Amino acid sequence: MTKIAILGANGRLGRVVGKAFIDAGFKVRAVTRTGKVPAELEGATAVAGDALDRESLVRATQGVDIIFNGLNPIYTDWGKCMPMAENVMAACRANNTLHLFPGTVYNYGSPMPQVITEETPFHPTTEKGRIRCAMENLFRREAEAGRVRTIVLRAGDFFGGTGSGSWFDLVVAAKMEKGVYTAPGPADLTHEWAYLPDFAVAFVGLARNLDKLGFYEAINFPGHAITDLDIKAAAEKALGRKLKLSFMPWWVLRAGSPFVAMWREIVSMSYLRFEAHRLVSTRLEGVIGEIPHTPLDQAVKQAMRDIGIAAEPSRLAA
């Protein structure tokens, strides 16, 4: 049985990806700082490991075949990203493991390419974009030297899964129970979203088709390239009632950003909410077959339930 270690198993992404690998029959090791298994990962083995402690991480991943790197510090702690990435590479080298990594669109900077393919060049214009590019450059160098095999699967903003910290739960759905849909940018702007259960199943597909992949791959995950109007309509269908359209007050964050570190970090990435973009792939389907894609109405309804917003039988379908 193939063994996979999930780094960041307490996080939203780690929990969803870990469950997908459990459901697919992999032996899953949940690596967290506390050594406790999240409820969603029943059946996984709990192991304590600190991504900022190289020896701890090497021990925590000993004996596995694959490391899924779901480590993602909060926005104000991104100085930890490169040390973590270097420690993950050290763990992969020591244990001769494959490295799976979720990529972002931060690498492309502003102005965003409206259509992003696997061949679209990186052009980071923010500190977070430069950090992401540096991480992927590290992974590529390790692969080209024959030391660590890495498969990157790049996605847009996450929705779905339990926990907090995504644009969907912090902004879009924050006031739905009060009858308000909050758009983070222009409501008719196309934005790339990834429904996490679909994204996780795609990672499983990659792990099952390694014979079709090189020693370093960066592949796009085409999720839901949609507008806020599309999400609002799906949410209204799930709730069975109309929602008032509101907009995120960016001026408040911009005014307060010199004084509030988190606001400053969010504002630095605000261009993503004002520049249309979508991911396409010429490779993913050829590797894993049919790309997982939950219909938007179903995905939004489940994502709402995941964060405790009860959906009702639709009265809007007629």
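These legends describe close-up views of a predicted model.

**View 1**
The structure holds zero disulfides. Cys81 takes part in none, and the nearest cysteine sulfur to its own, that of Cys133, is 13 Å away. A disulfide is a covalent bond between the sulfur atoms of two cysteines. The sulfur of Cys133 has its closest cysteine sulfur in Cys81, and at 13 Å that is too far for a bond, because the two sulfur atoms of a disulfide lie within 2.5 Å. Cys81 counts as buried, with 5% relative accessibility. Cys133 also counts as buried, with 8% relative accessibility.

**View 2. The largest cavity.**
The count of cavities of 30 Å³ or more comes to three, and the largest holds about 70 Å³ of space. Among the residues that line the largest cavity are Asn69, Leu71, Trp78, Cys81, Phe101 and Arg132. Helices α3 (81-95) and α4 each supply at least two residues of this lining. The largest share, four residues, comes from α3. By class, the lining of the largest cavity has nine nonpolar, two polar and one charged residues.

**View 3. The second largest cavity.**
About 60 Å³ of space lies in the second largest cavity. Its lining is made up of Pro184, Gly185, Pro186, Leu189, His191, Trp193, Asp228 and Arg273. These lining residues divide into four nonpolar, two polar and two charged.

**View 4. The second largest pocket.**
The second largest pocket has about 270 Å³ of space. It is lined by 14 residues, and those closest to its centre are Arg15, Val16, Lys19, Ala20 and Pro197. The elements that give two or more residues to the lining are α1 (12-23), α6 (196-207) and α11 (296-306). Which element gives the largest share of the lining of the second largest pocket? The answer is α1, with five residues. Six residues of the lining are nonpolar, three are polar and five are charged.

**View 5. Glu142 and the residues around it.**
Glu142 has its place in helix α4 (residues 127-144). Is Glu142 buried or exposed? Glu142 is buried, because its relative accessible area is 7% and buried means under 20%. Leaving out residues up to four places away in sequence, Glu142 touches Met89, Arg93, Arg147 and Val148.

Notes
Residues are numbered from 1 along each chain as its sequence is written. This is a predicted model: local features need pLDDT of at least 70, side-chain atom pairs count only at pLDDT 80 or more; totals for chains, interfaces and linings use all residues. Side-chain values use heavy atoms; hydrogens and water are left out. Buried means under 20% relative accessible area, exposed over 50%, partly exposed in between (1.4 Å probe, protein chains only). On a 1 Å grid over the protein atoms alone, a cavity is a set of points where a 1.4 Å probe fits but cannot get out, and a pocket is an open set with protein on both sides within 12 Å along at least five of seven lines; lining residues have an atom within 4 Å of a point. Grid points are joined across faces, edges and corners, and a volume is the space filled by probe spheres set on the points. Ala, Val, Leu, Ile, Met, Phe, Trp, Tyr, Cys and Pro count as nonpolar, Asp, Glu, Lys and Arg as charged, and the others, Gly among them, as polar. Contact means heavy atoms within 4.5 Å.
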